[in-house]
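Here are a few friendly notes to read alongside the structure.

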Amino acid sequence: NGRLALMVSWVDDIMALGHPEDVKQIEEDLNNAFACKSEGYLKEYVGSKIDFKRDETGLGTIKITQPVLVQKLSESFDVNGGRNPKTPAIAGQTLVRGDGSDTLGPKQTTKFRSG
């Protein structure tokens with residue numbers, strides 16, 4: 001039918017994504033093979049925040065973030081309250097090609113630093 005369905009697995013937790021009919025079929029197939037429990041629409045999955053939206057045509061988008069992990073890292077490395085850097089590079093540092101053959105010009109440097 002040309003639709004995409006995804007299964008994300010972490011140990012014994014599975015998140016199924018796709019057209020509702022396809023997700024229902026995945027659930028049925030898993031229930032026929034294993035003892036399963038469906039959690040319905042997820043707001044959280046293995047420590048990640050899940051934001052899922054579906055438009056009027058049925059097309060869905062998913063955003064997966066880890067705000068708790070980001071907060072822990074922020075506290076561990078004492079970066080609270082500071083401006084978030086756009087890249088890990090030091091301001092003014094010369095960027096070099098991955099193979100070490102040449103430095104990047106101003107146009108390429110700006111492209112890679114812009115995120």
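**Notes on the sheet and a surface patch**

1. In this predicted model, three strands make up an open sheet with antiparallel pairing, in the order β3-β4-β5. The edges are formed by β3 (44-45) and β5 (60-65), each of which pairs on one side only.

2. Have a look at how β4 meets β5: the two strands run antiparallel and are joined by six bridges. Another pair to find is Lys 49, which stands opposite Thr 65 in β5.

3. The turn may also be worth a glance. Between the strands of the β4 and β5 hairpin there are five residues, and in this hairpin Gly 58 adopts a positive phi near 100°.

4. Which residues form the nonpolar patch on the surface? They are Tyr 41, Phe 52, Ile 62 and Ile 64, and together they have about 420 Å² of accessible area.

5. Is Phe 52 buried, partly exposed or exposed? Phe 52 counts as partly exposed because its relative accessibility is 32%, and the partly exposed class runs between the buried limit of 20% and the exposed limit of 50%.

Key. Residues are numbered from 1 along each chain as its sequence is written. This is a predicted model: local features need pLDDT of at least 70, side-chain atom pairs count only at pLDDT 80 or more; totals for chains, interfaces and linings use all residues. Side-chain values use heavy atoms; hydrogens and water are left out. Patches are made of residues with over 30% relative accessible area and no salt bridge: like charges are joined within 9 Å, nonpolar side chains (Val, Leu, Ile, Met, Phe, Trp, Tyr) within 5 Å. Accessible areas come from the Shrake-Rupley method with a 1.4 Å probe; for residues, only the protein chains shown count as cover. A salt bridge is a side-chain nitrogen of Lys or Arg within 4 Å of a carboxyl oxygen of Asp or Glu. Buried means under 20% relative accessible area, exposed over 50%, partly exposed in between (1.4 Å probe, protein chains only). Two strands pair if DSSP finds at least two bridges between them. Helices (H or I, at least four residues) and strands (E, at least two) are DSSP runs, numbered from the N terminus.
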